[in-house]
There are 2 protein chains.
Amino acid sequence: MLRRKFMFMLTGKNYIGEYLYGLNNYTFAVSLEIDNSKTTYNFHEASSAEIDKAVTLAAQCFHAYRNTSTFSKIFFLESLAEAIAQSKELLVKVAMQETFLPQVRLEGEVQRTINQIKLFTSLLKDGAWVRSIIDTAQPDRKPLPKADIRQMQVPIGPVAVFGASNFPFAFSVAGGDTIAALAAGCPVVYKAHHAHPATSELVAKVIVDTAAKCKMPTGVFALLQGKTNACSIALVTHPLIKAVAFTGSFKGGRALFDAAAKRDEPIPVYAEMGSVNPIFLLPGCLQKNAASVAEKLAASNLQNAGQFCTNPGLVFSVRSTHTENFLSSFANVIKNSNAEHMLSENICNNYNASIRSLLVNESAKLRSYGKEINSDNAVAHMFQTDAKTFLANKELWHEVFGPASIHIVADDAKELLMLAKSLQGQLTASIWADEEDMELAKDLATILELKAGRVIMNNVPTGVEVTHAMVHGGPYPATTDGRTTSVGSAAIYRFTRPVCYQNFTDQLLPDALKNSNPLNIPRFVNGKVSDEKIE
Amino acid sequence: MLRRKFMFMLTGKNYIGEYLYGLNNYTFAVSLEIDNSKTTYNFHEASSAEIDKAVTLAAQCFHAYRNTSTFSKIFFLESLAEAIAQSKELLVKVAMQETFLPQVRLEGEVQRTINQIKLFTSLLKDGAWVRSIIDTAQPDRKPLPKADIRQMQVPIGPVAVFGASNFPFAFSVAGGDTIAALAAGCPVVYKAHHAHPATSELVAKVIVDTAAKCKMPTGVFALLQGKTNACSIALVTHPLIKAVAFTGSFKGGRALFDAAAKRDEPIPVYAEMGSVNPIFLLPGCLQKNAASVAEKLAASNLQNAGQFCTNPGLVFSVRSTHTENFLSSFANVIKNSNAEHMLSENICNNYNASIRSLLVNESAKLRSYGKEINSDNAVAHMFQTDAKTFLANKELWHEVFGPASIHIVADDAKELLMLAKSLQGQLTASIWADEEDMELAKDLATILELKAGRVIMNNVPTGVEVTHAMVHGGPYPATTDGRTTSVGSAAIYRFTRPVCYQNFTDQLLPDALKNSNPLNIPRFVNGKVSDEKIE
């Protein structure tokens, strides 16, 4: 039963409007086993004509989609969450084969994807997200009367979303960026990651079917397959695309950013490009908890072969016997760790190359490494160095995507602060502190809040909570735009811009700005938050 | 007395930290008359070394300045407003000579500058601008506990601000961008417009003196003089600059944007580059008010030689006898208008060149022009064409900076809507409508809210209100970043980014996020607005 459904569903084509397109002769293959037999599926990279078709349809339906009632958008997104839940078994089965991620993790990720959708529907239900700001008229003001002015957020237009290799669901087809854009009122042209095209097609089919069932305008979502850079650049430089969201490598993100900046009409690019996620272990904390902190951090470092953009890659501490205890405990966990299959051969090759260059480079010493099962898998590595060597060798500052960590032992607290100041932009920065560390922790926090999107105390950085207050972003080179987040409800503002209405008759104002406050939302009226009507 | 003070104050040098620098041999001269005798002042363009010095000092004082108490920042800005008010007479006297703008206008602009400062101090006093978002912990959540996460806006670092030629006060040294950045907690390196270097120096001296008196850290504000593009580019590409704000020409804004996008670390560029500010006159409105609308719009078009980025340059209507009445009335005002001196010879030459190319181009016919006083002054021009010709001739779509307007008469309402859809990004778009026009007005508003930062009904676009709800911005090419505004309190978000704090002990959290809500501000707590303490 599963097989027939699956065979029926998997086409290797691009989902554009009501049709499937596979015009391009350039294809790439994926072998999948369902019901004990392996089948090879060919995926058609989207051609220029198909990219143009998808974007044009998205632009054509923008007016209709954004003017769809909030109720309809909520119904669409809630139906989507339900449909994804119903397809969970098949989705996880295929994703396991494409990503080598374990079943429990992928099941959790599907649930996370569903929770993300629900966070955005709760935002739409609440209604306040449009940031309604109202300054009423003062017709008698001297020397000139003051006009009534009302501001709110409006969607920016069709957007391009690029999925991540390491999160086939939560940062992919129906992931945070897609849902944030759809919630904002923007049609989405989604470019699948070539590492999991089958999973992408299956999720895309769920979206497209749900959109049709919910009578969303044709073109509100499209799936494009593709493996070449040219395909991605063609999408980003299409004149009708108004913003780009991307999760992936520094090289990939920067290439899209550069292409977008050179357009006749430059557009925002929200590229989340990873991070080394520095950890600062303060003396008091290590004195009491060296072993347990080592266990927690090593587990975070090793989880899913370290393939998280929030993986703790750099660990800073101050030289002491307690620090040595921490390092020994950490080394011990690494030593006993099993090698794990990575997302793709390419990623594994990159990881091994990074490890090799660290081994050749004498600026950090190999302190421990994990068990080798076979050469295809990623073996964990732990390196150690001192502050001065670290500061002098920039090759130690780069992200190693995988189960690696570099431990930098400073001579004293002053050197620790200097290390913090030397950091580039990060997604996260963490402080592990005990009560007696509070003074140093405060100094560190003051530095780190300028370096990272999220500053953490006594928690591991992996596991990004999907909530209103989350910031999954940060200064360059963690992202190309540190002013937003890709996780949490504030991600909706990636795809909106403010507009104000001056001297409008009430009947022509959007509901969020009408005198009667029909949405019953809190608004910023003449400088104060209020949910009252305006007389 | 005025003269001595003035002579003493005007040095032609760059204000960097506690010192005046004029290291560069490249200077440019301005002649000014105070007390009946004309004196020539030479202004030293900032050298690379001076730019580096100013930016480095700004970066060095960033930590100290942002951690200055809100109370101190308010005291600084309020003292600045007072000091500007006290220098008003001298400032206006010098600005009149540098800009040729009339005294009343400049006095109003100084007041506007003061009002802007007060809007930002009111924002700081209120405290809610930091957008405090709090999601409290759920230690018992299954399968994993939920951590406490709290988000707020923090300043991004030292910023570069470029002043406008047409607003020597409100969009210049102590203008909206400078004050928004200082309010946010960002040091400012200000690049003066070479068209009014003396006015710039005088205002800079007021800022620097006030900063010193209020014990702000050295480096919080610097003034750089300069005339060449190289000087501007050197500032924008300095690695320690974190954002750029600019008001000026399309060419200038795009050049800064391109330079910033090519940096190793790309940074946001908020360039406001002008607009043609389309006006849509609906049939019912013209039937009743053709003459009065013509008078208001022509006055807006002619004000200060049309040198406003919100100047109404394109006027769309539907063919009828009432429209013809409007056009005749408008033509009559233009015909009786006096030529006015423009801000600079360069601007006047550009205006005349644009007019000449419109006259040579046969796609719009000259309908009326103003009185010529002498060839140095800008003579108002009114052109007319039909919708099809307009749509086919893109040279009619560009901003003409000065007292010119092109009137496009459509055959019917459908064509009017098509014209609206054809527009590029704008700062403003206006609808003049009577009660019977409401259906067409609604259709137009739905189109125009995607084209402009501000949509206006039955008001002229010139006169940008300084208030919370204002959006002075809009899609490209009106600006390089339509997600923000350069006027109004929301401009503060140009210079901030969100950061979140996970699992922080209360004592280390910023006041805006502490459990006790010591600032007594409304916060978004677990999905609802609340000013309560958190238990």
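How many nonpolar, polar and charged residues does the lining of the second largest cavity have? That was what I wanted to know when I opened this predicted model. I looked up the classes and got nine nonpolar, 10 polar and six charged residues.

**Entry 1: the second largest cavity**

I put its volume at about 500 Å³. I found 25 residues in the lining, and the closest to the centre are R131(A), R483(A), Y493(A), R131(B) and Y493(B). Next I checked which elements give two or more residues to this lining: β6 (149-155) and β19 (496-502) of chain A, together with β6 (149-155) and β19 of chain B. The largest share, three residues, comes from β19(B).

**Entry 2: the largest cavity**

I then went through the cavities as a set. The structure holds nine of 30 Å³ or more, and the largest has a volume of about 780 Å³. I noted 31 lining residues for the largest cavity, with A128(A), R131(A), A128(B), R131(B) and V529(B) the closest to its centre. As for elements, α5 (103-126) and β20 (523-525) of chain A each supply at least two lining residues, and so do α5 (103-126) and β20 (523-525) of chain B. By class I got 19 nonpolar, six polar and six charged residues here.

I had R131(A) and R131(B) on my list for the largest cavity, and both names are also on the list for the second largest cavity.

**Entry 3: charges over rings**

What does the charged end of R131(A) sit over? I looked, and it is the ring of Y493(A), with the charged end 3.7 Å from the ring centre. I had already written down R131(A) and Y493(A) among the residues closest to the centre of the second largest cavity. In chain B I noted K73(B), which lies over the face of Y65(B) at 5.5 Å from the ring centre.

**Entry 4: aromatic pairs**

I got 26 aromatic pairs over all chains. One I looked up is F280(A) with F316(A): it is stacked, at 4.7 Å centre to centre and 15° between the planes. F280(A) lies in strand β12 (residues 279-281) and F316(A) in strand β13 (residues 314-318), both of chain A, so this pair ties together parts that are 36 residues apart in sequence. I checked burial too: F280(A) and F316(A) are both buried. Ring pairs also link F280(A) and F316(A) with F390(A) and W397(A) into a cluster.

Which kind of pair do F250(B) and Y476(B) form? I got ring centres 5.9 Å apart and planes at 65°, so I logged it as edge-to-face, because the cut-off for that is over 60 degrees. F250(B) is in helix α9 (residues 250-261) of chain B, and Y476(B) is in the loop between β18 (452-457) and β19 (496-502) of chain B. The pair thus links distant parts of the chain, 226 residues apart.

F250(B) has 39% relative accessibility, so I put it down as partly exposed. Y476(B) has a relative accessible area of 12%, so I marked it buried.

**Entry 5: a histidine in the loop**

I looked for H468(B) and found it in the loop between β18 and β19 of chain B. Is H468(B) buried or exposed? Its relative accessibility is 10%, so it counts as buried; the cut-off is under 20%. I also found a polar contact of 2.7 Å that joins the side chains of H468(B) and S489(B).

Notes: Residues numbered from 1 in each chain as written. Chains lettered and ligands numbered in written order. Predicted model: local features only at pLDDT ≥ 70, side-chain atom pairs only at ≥ 80, totals over all residues. Heavy atoms only, no water. Phe/Tyr/Trp six-rings, centres within 6.5 Å; stacked < 30°, edge-to-face > 60°. Helix = DSSP H or I, 4+ residues; strand = E, 2+ residues; numbered from the N terminus. Buried < 20%, exposed > 50% of the residue type's maximum accessible area, 1.4 Å probe, protein only. Lys NZ or Arg CZ within 6 Å of the ring centre and 35° of its normal. 1 Å grid on protein atoms, 1.4 Å probe; cavity = no way out; pocket = protein on both sides within 12 Å on 5 of 7 lines; lining within 4 Å. Points joined across faces, edges and corners; volume = space filled by probe spheres on them. Nonpolar A, V, L, I, M, F, W, Y, C, P; charged D, E, K, R; others polar. Polar contact = N/O pair within 3.5 Å; in protein donor to acceptor, adjacent residues only side chain to side chain.
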